[in-house]
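Colleague: I have not looked at this one before. Can you take me through it?

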Amino acid sequence: MKDPTSFVLRPPSPDMNTYPLFSPEYFMNEALKEAQKAYDRDEVPVGAVVVCNRTIIARAHNLTETLNDVTAHAEMQAFTAAAGYLGGKYLDECTLFVTLEPCVMCAGASFWAQLGGIIYGTSDEKRGYSLAGNHLLHPKTQVASGILAEECSLLLKSFFKNKRK
Ligand code: ZN
């Protein structure tokens with residue numbers, strides 16, 4: 001099969017698609033817009049939004065290169081921003097939408113935040129927290145995955161393909 005990314009230098013902007021308001025796809029598309037911002041600044045394209053009462057209260061994208069900080073994953077920044085917005089450290093009423101399955105560090109942070117839910121786009125077969133088991137998450141945290149998985153994955157593939165050139 002022909003590599004579906006072979007002709008893609010840059011995937012189409014997520015803005016091209018519209019999704020029903022407040023649907024999981026709608027919020028994941030917002031996370032994808034954040035991932036696109038990371039892509040544009042030569043960061044591994046992962047984006048996240050935190051949703052509380054159907055409102056986006058935090059947006060973030062990976063900034064590990066820009067900030068010279070290995071902890072500057074999209075999720076970590078989104079948690080900090082969401083807690084700042086709410087004025088409390090617990091995010092039990094919130095859902096994180098993130099384009100890539102969180103790593104062990106971010107899963108651990110979500111545990112401390114007692115996060116209400118995690119919805120991720122594409123799986124991370126090398127660094128995903130689920131490789132270590134779901135016990136990393138808080139027992140209250142509901143998980144779903146596969147929302148706009150193809151779009152989330154394509155952005156990452158495109159990034160690493162360009163990197164290898
Ligand atoms: Zn992470």
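Colleague: Where does the model come from, and what is the average pLDDT of the protein chain?
Modeller: This is a predicted model. The protein chain has an average pLDDT of 91, and 90% of the residues score at least 70.

Colleague: Where does pLDDT stay under 50?
Modeller: Over residues 1-9. For that stretch the model has five contacts beyond four places in sequence.

Colleague: How many helices and strands are there?
Modeller: The protein chain has four helices and five strands. Read from the N terminus, the order is α-β-β-α-β-α-β-β-α.

Colleague: And how much of the chain is buried?
Modeller: Of the 165 residues, 38% are buried. Counting contacts between residues at least 6 apart in sequence, 57% join residues at least 24 apart.

Colleague: On to the sheet. What is the strand order?
Modeller: The order is β2-β1-β3-β4-β5, in an open sheet with mixed pairing. The edges are β2 and β5, each having a single partner strand, so one side of each has no neighbour in the sheet. From one strand to the next, the twist averages 15 degrees.

Colleague: Which pair runs antiparallel?
Modeller: Strand β1, residues 47-52, runs antiparallel to β2, residues 55-61, and six bridges join them. Within that pair V49 stands opposite R59. The hairpin has two residues between the strands, and N53 there takes a positive phi near 50 degrees.

Colleague: What about β3 and β4, parallel or antiparallel?
Modeller: Parallel, over five bridges. The chain gets from β3 to β4 through helix α3, residues 104-112, in a right-handed β-α-β crossover. L100 stands opposite T122 of β4, and T95 has G117 in β4 as its bridge partner.

Colleague: Then which residues make up β5, and how does that strand pair with β4?
Modeller: β5 covers residues 142-145 and pairs with β4 in the parallel sense over four bridges. I118 has V143 in β5 as its bridge partner.

Colleague: Helices next. Which strands does α1 touch?
Modeller: α1 packs on the sheet and touches β1, β2, β3 and β4. The direction of α1 makes about 140 degrees with that of β1.

Colleague: Which residues of α1 are buried?
Modeller: F27, M28, N29, A31, L32, E34, A35, Q36, A38 and Y39. Their cover includes β1, β2, α2, β3, β4 and α4.

Colleague: What span should α1 have, and what does the model give?
Modeller: Helix α1 has 17 residues, 24-40, and at 1.5 Å a residue it should span 24 Å. The end C-alpha atoms of α1 are 24 Å apart, so the two agree. After the helix comes D42, with a positive phi near 65 degrees.

Colleague: And where does α4 lie?
Modeller: Across β3 and β4, running at about 60 degrees to β4.

Colleague: One last thing. Where is S153?
Modeller: S153 is in helix α4, which covers residues 149-164.

Colleague: Why does S153 count as partly exposed?
Modeller: Because S153 has 17 other C-beta atoms within 10 Å, and partly exposed lies between the cut-offs of 12 or fewer for exposed and 20 or more for buried.

Colleague: How far is S153 from G121?
Modeller: They are 32 residues apart in sequence, and their C-alpha atoms are 7.8 Å apart in space.

Notes: Residues numbered from 1 in each chain as written. Predicted model: local features only at pLDDT ≥ 70, side-chain atom pairs only at ≥ 80, totals over all residues. Pairing = 2+ DSSP bridges. pLDDT = per-residue confidence, 0-100. Contact = placed C-beta atoms within 7 Å. Expected span 1.5 Å × (residues − 1). Right-handed = clockwise from strand over helix to strand, strands pointing away. Axes fitted to C-alpha atoms, helices over the stretch in contact; angles between N-to-C directions.
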